[in-house]
Amino acid sequence: MEYKREDIPFRPEYKELETRSEKTILLIYKKNHMLLLKARKNVEAPDEKEHPELKKGIKEKFFMGYFREVPCYCTEWQEKVPIPEAFEWVYLNDASWIGDKNFFFTCVRGRTFLNWHHASRFCGYCGEQTTFKEDERAKRCLGCGNVSYPHIAPAIIVGVTKGDKLLLAHNANFPEGLYSIIAGYVEQGESLEQAVRREVEEEVGIKVKNIKYYGSTPWYNGDSLMLGFTAEYESGEITVDHEEIVDANWYDKDNFPILPSPISIAHQIITDLLGLSK
Ligand SMILES: [Zn+2]
């Protein structure tokens, strides 16, 4: 099984060169929401040249590269400025993105770019200011010259099966009624397979076998790279800590709770393992 999606038509660049494109895409964020045109048929970011009224609301903008050969910038909205009438905020986890996954993953790039920029204004070694490098996605310290790269945190996510049943758990941070598969960050010095075994055992108290790689996807929360796996139940009884995981159980295709957003790899793994994929 593979988590399939089209190749992303995004070309990262670090310094904007002269372009013949008449358009400019502006990815505008407010936390995990994006400013999009209300009248969009699908998901559509504003063209800066078509919407000069956006200038009064945006903060400093950063060049990211080209989306379908159109120069692409990311920025944030100033909190006190009202948004123009033609626009609305759309949550990054909204199901409407399913119509254009390529654009969604470009928006994930923008969000994580800004997260990185905010967290790396100053050097972690000497405390001096940093500046963007022009030949790669990195920053150089103006004091000691240290070069730092964007922070990407690998996290495993695993669908555990027992016959035709799938383990789903409700995390304390989830919206009410929503269940998903087990996930967690990889520890330093740990292999992905070890992370899968450890997370499943820590969160629901069972052992798993036959761990297989499924596919991966970038995600905007925690700047993570989600590495999907499938595994089979080996032994143990489900026990939850009632702190991180509130409830967990085995579900089948005729009986399952509310699932995560269709844009997520969790949803893809769950529907595949339950045999619900179209
Ligand atoms: Zn430094």
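Strands named below are DSSP runs (E) of at least two residues, and helices are runs (H or I) of at least four, each numbered from the N terminus. The views that follow show close-ups of a predicted model.

**View A. Asp164 sits in the loop between β10 and β11.** Asp164 counts as exposed because its relative accessibility is 60%, above the cut-off of 50% that separates exposed from partly exposed residues. When residues up to four places away in sequence are left aside, Asp164 touches Tyr251 and Asp252. The C-alpha atom of Asp164 is separated by 42 Å from that of Leu27, a residue 137 places away along the chain. For orientation, the domain assignment divides the chain into domain 1 (10-119), domain 2 (122-150) and domain 3 (153-273), and the centres of domain 2 and domain 3, taken over C-alpha atoms, are 36 Å apart.

**View B. Four cysteines coordinate the zinc ion.** The donor atoms are the SG atoms of Cys123, Cys126, Cys141 and Cys144, which lie 2.3 to 2.4 Å from the metal. Along the chain these donors follow the spacing C-x2-C-x14-C-x2-C. Cys126 belongs to the loop between α1 and β7 whereas Cys141 belongs to strand β8, so this pair ties together parts that are 15 residues apart in sequence. The site is tetrahedral, with angles among the four donor atoms of 96 to 117°; ideal angles for four tetrahedral donors are 109.5 degrees. Is Cys141 buried or exposed? Cys141 counts as buried, because its relative accessibility is 3%, while Cys126, at 39% relative accessibility, counts as partly exposed.

**View C. Strands β7, β8 and β9 form an open, antiparallel sheet in that order.** The edges of this sheet are β7 (130-132) and β9 (147-148), each of which pairs on one side only. Three bridges join β7 to strand β8 (residues 139-141) in the antiparallel sense, and within this pairing Thr131 stands opposite Arg140 of β8. Helix α1 (residues 101-119) packs on the sheet and touches β7, β8 and β9, with its direction making about 150° with that of β7.

**View D. Strand β2 pairs with β5 in the parallel sense and with β3 in the antiparallel sense.** Strand β2 (residues 25-30) has five of its six residues buried, so this strand is largely enclosed by the rest of the structure. Five bridges connect β2 with strand β5 (residues 70-76), and here Ile25 stands opposite Cys72 of β5. Two bridges connect β2 with strand β3 (residues 33-37), and in this pairing Tyr29 stands opposite Met34 of β3. The hairpin of β2 and β3 has two residues between the strands, and Lys31 in this hairpin takes a positive phi near 50°.

**View E. Strand β4 pairs in the antiparallel sense with β1 and with β5.** What makes β4 (residues 62-67) largely enclosed by the rest of the structure? Six of the six residues of this strand are buried, which is why β4 counts as largely enclosed. Strand β1 (residues 10-12) is joined to β4 by three bridges, with Tyr66 of β4 as the bridge partner of Arg11. Five bridges join β4 to β5, where Cys74 of β5 is the bridge partner of Phe62. Two residues separate the strands in the hairpin of β4 and β5, and Arg68 in this hairpin takes a positive phi near 50°.

**View F. Helix α3 (residues 265-273) is mostly covered, with seven of its nine residues buried.** These buried residues are Ile265, Ala266, His267, Ile269, Ile270, Thr271 and Leu273. The strands against which the buried residues of α3 pack are β10 (153-162), β11 (165-171), β13 (207-218) and β14 (224-235). Just after the helix, Gly275 takes a positive phi of about 75°.

**View G. Ser180 lies in the loop between β11 and β12 (182-185).** Because its relative accessibility is 5%, Ser180 counts as buried. Beyond residues up to four places away in sequence, Ser180 touches Leu167, Leu168, Ala169, Phe174, Pro260, Ala266 and Ile270.

How values were computed
Residues are numbered from 1 along each chain as its sequence is written. This is a predicted model: local features need pLDDT of at least 70, side-chain atom pairs count only at pLDDT 80 or more; totals for chains, interfaces and linings use all residues. Side-chain values use heavy atoms; hydrogens and water are left out. Domain bounds come from an automatic or database domain assignment. Two strands pair if DSSP finds at least two bridges between them. Contact means heavy atoms within 4.5 Å. Axes are lines fitted to C-alpha atoms, for helices over the stretch in contact, and angles run from 0 to 180 degrees between N-to-C directions. Buried means under 20% relative accessible area, exposed over 50%, partly exposed in between (1.4 Å probe, protein chains only). Donors are N, O and S atoms within 2.8 Å of the metal (3.2 Å for Na, K and Ca); water is not among the atoms, so sites may look incomplete. Four donors count as tetrahedral if all angles lie between 85 and 135 degrees; four count as square planar and six as octahedral if opposite donors are over 155 degrees apart and all others between 65 and 115; anything else is irregular.
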